[in-house]
Every structure is written in C-alpha cells, then in structure tokens.
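Work through the exercises below with the coordinates open, and try each task before reading its solution.

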Amino acid sequence: MQRKNALPHAILLRGRTGLGKNHFALHLAHTLLCQQANAGGACGVCASCVWLKEGNHPDFKLITPEDESEETATKKKTSKKTQISVAQIRQLYDFLSLSTHQVDGRRIILVSPAETLNLASANALLKMLEEPPANTLFLLVASQPQRLLPTIISRCQVLDFSIPQKVDAIGWLAEQGVQNAEALLEYAGGAPLAALQMQDQLASNEQLIQHLSKGERLDPFTSAPLFLAEGMERAIDVIQKWTFDLLSYRLTQSAHYHSQQRQALQALCKSVNLGGLLQLQRSLTEAKKAANHPLSNEMQLENLLLQYTHAFMPQA
C-alpha cells in the first residue's frame, strides 16, 4: 500500500478465463478505497468496505454487459447483452463530474470483460484514457485482449495472469474440497477458478461425452435434447472441446481436455475424417457466436450433431 499513490491511471489485467482476474481487480479496488487498509488488504468493516459489499460505493463504478429485455408487439423476449454500449461509457462523464466522497480520495472504474466494448464504446473510453481524469483509476479485465483496440492497450499498464503449475492448482482445488480435481482442471484448460466453478458439471459432461463417444452411431435427434438441457453455450463448448481432442489425438496422439477418455478417442480416430472434423469446428465456432440468440436451438444442435456423425463416414 505504500505505492498506492504511484499507481498508473489505467491497468489492464489480461489472461485466460478462470485465473482470478476479476477477483484480483475487486480486491485491489476494495483495498484502495478502504479507509483502514493494511498490508493484508481492505479491513472489511469501515464504511467504505460496507458500501462496496452492498454495491453502492459512491466512488466505484462497474461497467459490464447487462441483461436487457425487448418487448415486441406479440411477445416479450429476453436476450443477454454481449456488448458494453457507448451509452454506458458516456454515463461515466456524470460519474466523473462529481467530487469524490472521501477527501483526497480516488475513483475506481472497473470494466469487465473489456473485450465486450464495441467500436463506439471503445473509442469513447479511449478518449478518457487519453486525457485521464485526476484521482481516477481504470481497471480493465480481459480474457480475449486481442479484441481490444491497440490504442487502449497502449494506454494501460499491463498485468498478465498466467496458468499456475498443475500440482499447485490441483492442491488448491483439493483444499476447496473439489473431487476429481485433476480431471476438472484438465477440462478447464488449467484454470483453477474455472475448474472450481464447473465442478457440478462433471457428471453431466461425462454423460454427454458418452454420447459423443459413439461417433457415427450417435443419434442426433435423441441426443440433442440432452445437450440442450445444459444450455446452448455449454453444449457447444462440450462438443468443441471433444472435437478439438479428436483432432489433437488424430495428429499427435495426445488429448488436451479428455486424457481420461484416451481409449474412446483412439477408437474414434481410426475412422474420423479430418476434413469433416475441421468443417465441424468451423460450424461450432459460428454457432457459438449466436448461442445466446433466440433461435431454434434444438434444430441447430441436431444439425451440429448430424455433422459430427458425418465426420466418421467414408468420403464419396
């Protein structure tokens, strides 16, 4: 805390999902705004800490995509916003025009995930970073920093979050009481917080993998509802990771997410068609972009699973 007054005006926390970037950003914000912070961080009991816990600190602003509802003439539909709008960024001007609540205090603006800024909102934020307000710290959290404007990155001090050592991550998950920590960590791509959050999904994942292990014998029409029950986005994620490992095992005899299913992968690789598998991956990527749209998800999943079975059929 001796260096709190030497902080830059903007910090970019970047790294893959599940490495604790948001936790770190919130911890830093709490510590900087705490009235009685010590070497261990925020005190947790002062008025500032209480306001933060309740989500109404006058000097803290969180900018993140929100859920919105759209009402049509015939029915009401709810869709999940995937972008931070320019209106959200422009509202910061009112926030910044006010005096800080604490004398000689600072404001903190947390933008997460920063890659959900669209072009208009990114340019609006860039203007603020180019002429940063006094006593204001911008914290940007990004899991896909390649989607950020290079000019935004150049105006931030970058703090990279890397994947911890496997033995350390498994040990930490075990301390949290997680069962099958190694399998979960592998499925989460080595990110321990992501593994912790998906521990309740392991059993359902295994059920879906059993269906995918059938290869061309999988029935898309009976399997699609089972996948859809997990939500469209997660269903696509399960298929994506399995097809990635199919391709990886076919080319390198190694699996990234499903090493415990080596036998199934090995058996499927004998008949899989690389061209069909690569086409399926492209289809899955496109489908994931529209996963939150109010489309006919069951029909879309049926088509994806049908395409999956075709990847095991001999080419004409």
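Predicted model: local features only at pLDDT ≥ 70, side-chain atom pairs only at ≥ 80, totals over all residues.

Residues are numbered from 1 along each chain as its sequence is written, and side-chain values use heavy atoms, with hydrogens and water left out.

**Exercise 1.** Find the largest cavity and describe its lining.

Step 1: The structure holds one cavity of 30 Å³ or more, a cavity being a set of points on a 1 Å grid over the protein atoms alone where a 1.4 Å probe fits but cannot get out.

Step 2: The volume of the largest cavity is about 150 Å³, taken as the space filled by probe spheres set on the points, which are joined across faces, edges and corners.

Step 3: Its lining residues, which have an atom within 4 Å of a point, include Ala-183, Tyr-187, Asn-205, Ile-209 and His-258. Two or more of the lining residues come from each of α7 (181-187) and α9 (202-212), helices being DSSP runs of H or I with at least four residues, and strands runs of E with at least two, numbered from the N terminus. The largest share, four residues, belongs to α9.

**Exercise 2.** Locate the cis peptide bond at Pro-113.

Step 1: The bond from Ser-112 to Pro-113 is cis, with omega near -10°.

Step 2: Pro-113 sits in the loop between β5 (107-111) and α4 (119-130).

Key:
1 Å grid on protein atoms, 1.4 Å probe; cavity = no way out; pocket = protein on both sides within 12 Å on 5 of 7 lines; lining within 4 Å.
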